[in-house]
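Work through the exercises below with the model open. Each task is followed by a stepwise solution.

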Amino acid sequence: MLGTIATLLIQAFGRRKARIAVKAANLDAQRSIALLDSENERRTGQIDRLQERIQVLERITTDPAERTAREIEALRLQPN
């Protein structure tokens, strides 16, 4: 009878440790997902800014030189 009680206690503690281990693994996975999400948002912002810059460069290279010169001159005349 004492052996049966000891076996049941060992099994109960084993199941408890297993639940704790699974919970810890889930927390680690959630932290990893959160870090990846924030990194993804940061890189998406970078890509958006780079695309805007490329659009400006494309516009500058395809616009006639006269128009670009007018825009530069207008910027020079603006007060700081």
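**Exercise 1.** Locate Glu66 and Arg70 and describe how their side chains meet.

Step 1. Both residues lie in helix H2 (residues 65-77), four residues apart, or about one turn of the helix. Helices are DSSP runs of H or I with at least four residues, strands are E runs of at least two, and both are numbered from the N terminus.

Step 2. Glu66 and Arg70 form a salt bridge, 3.2 Å from N to O. The term requires a side-chain nitrogen of Lys or Arg within 4 Å of a carboxyl oxygen of Asp or Glu.

Step 3. Glu66 has a relative accessible area of 58% and is exposed (buried is under 20%, exposed over 50%, partly exposed in between; 1.4 Å probe, protein chains only).

The model is predicted: local features need pLDDT of at least 70, side-chain atom pairs count only at pLDDT 80 or more, and totals for chains, interfaces and linings use all residues. Residues are numbered from 1 along each chain as its sequence is written, and side-chain values use heavy atoms, leaving out hydrogens and water.

**Exercise 2.** Describe the salt bridge between Arg31 and Asp28.

Step 1. The closest N and O atoms are 3.0 Å apart.

Step 2. Arg31 is exposed at 51%, and Asp28 is partly exposed at 42%.
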